[in-house]
Every structure is written in C-alpha cells, then in structure tokens.
Amino acid sequence: MDVKEAIESVHQCSSFEKKKVPINVIHDLIKAAAYAPCPGDMECWEFVVVDDKKKLELISNQCPKQSWIKNIPCLLVILRKDDRVKTLYGDRGEIYSGHSCAAAAQCITLRAADLGLATCWIRRFNAKGVARILDVPSEINVELMLALGYPKEKNTPGLSKISVDKITHLNNY
C-alpha cells in the first residue's frame with residue numbers, strides 16, 4: 001500500500017474482530033511511531049500496550065459514552081513526557097510534546113492501515129483515572145489512546161470528506 005492509499009483507507013473504527021493483535025505487529029507499529037517528529041529531537045512519548053480484558057474494562061469506565069472500548073483487542077496508550085522538552089522550550093514544551101504525540105499516533109494509524117488493521121483515536125477520557133489504572137508516574141501524562149485491531153468491516157477508500165478549495169487559502173485568509 002502506498003502512502004496515498006494508506007491515508008485514504010484510514011477511518012475511525014470501533015468495531016473489531018475478536019482476533020488478538022500479535023506482539024510483533026504492535027512492535028512494528030511503535031517502531032513506526034518512533035519516526036514522528038520530536039521537539040528538539042527529544043522523544044517525548046512512551047507507550048503502554050493494553051490487551052488485558054480487566055484493564056480494558058476499567059479504562060472504558062474512564063471514557064464517557066465509550067463502553068465499546070472494553071471489547072477491543074488492544075489499546076495503545078500514548079504517554080507525553082514534558083520534562084526535558086519544557087527545559088528547552090519553557091511552557092510551550094507541553095504543546096510541542098502534545099503535537100509530537102499526535103504525530104506518533106498518526107504514524108501508528110497509517111502503518112496499521114498498511115497492515116490491514118484499524119484504529120480509533122480516543123481523546124475523551126479521565127487521564128488521571130487511566131494513569132492510575134496503568135501505574136503511570138505522576139510526572140508523565142496520558143495524552144491520547146488508540147483502539148487497535150482488525151476491523152469487522154473493511155473500509156473502502158472514498159472521496160475526500162471536504163473540498164480542498166474550502167479549506168485552503170493562499171497568502172491570506
């Protein structure tokens with residue numbers, strides 16, 4: 001699959017087969033994330049892989065109106081580490097670290113599509129509750145989570161959701 005096909009095949013998926021995602025595939029996805037740009041060339045993310053059903057259920061309780069999370073085969077939790085980045089960039093370091101986490105998530109999402117997997121970005125959750133469940137140290141933040149698995153239905157590439165002309169401005173707004 002080329003990059004354009006991967007981009008066009010990505011969709012938010014919340015319905016997965018009950019098939020386990022092999023650990024070597026998860027490692028491949030996290031390796032793809034390592035290519036994400038980082039502020040000051042400082043990796044500011046770490047990952048927690050969750051496939052334990054009890055933990056998935058506890059985490060789903062921290063995600064309002066997203067009970068489907070307890071049924072997913074795998075959850076990738078992306079952690080944001082600000083300490084070194086803040087030393088270099090001050091308060092902006094937190095923002096830059098968040099951008100880097102999002103870039104890492106996009107790399108994972110594209111590589112997952114390439115491998116026939118699907119993801120769903122999860123942003124609405126109680127970060128402190130999730131951190132507590134996963135024993136994340138207090139100086140590290142839960143930035144976002146990705147549901148991961150083999151989709152029940154394959155997505156077919158379609159047309160762009162919006163016309164480029166409606167979202168693009170040249171030289172000024």
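## Basis of the description

Helices (H or I, at least four residues) and strands (E, at least two) are DSSP runs, numbered from the N terminus. The model is predicted, with local features needing pLDDT of at least 70 and side-chain atom pairs counting only at pLDDT 80 or more, while totals for chains, interfaces and linings use all residues. Residues are numbered from 1 along each chain as its sequence is written, and side-chain values use heavy atoms, with hydrogens and water left out.

## Helix 5 and Ser100

Helix 5 (residues 92-114) contains Ser100. Its 23 residues reach 33 Å from the first C-alpha to the last, close to the 33 Å expected at 1.5 Å a residue, the expected span being 1.5 Å times one less than the number of residues. Just after helix 5, Gly116 takes a positive phi of about 85 degrees.

Ser100 has a relative accessible area of 2% and is therefore buried (under 20% relative accessible area; exposed is over 50%, partly exposed in between; 1.4 Å probe, protein chains only). Other buried residues of helix 5 include Ser97, Cys101 and Ala104. Leaving aside neighbours within four places in sequence, Ser100 is in contact (heavy atoms within 4.5 Å) with Ala36, Pro37, Cys38, Pro39, Cys44 and Trp45.

## Strand 4 and its partners

Strand 4 (residues 140-149) is largely enclosed by the rest of the structure, because nine of its 10 residues are buried. Strand 2 (residues 74-81) runs antiparallel to strand 4 and is joined to it by eight bridges, with Ala147 of strand 4 as the bridge partner of Leu75. Strand 3 (residues 118-122) is also antiparallel to strand 4, through five bridges, and there Thr119 has Leu148 as its bridge partner. Two strands pair if DSSP finds at least two bridges between them.
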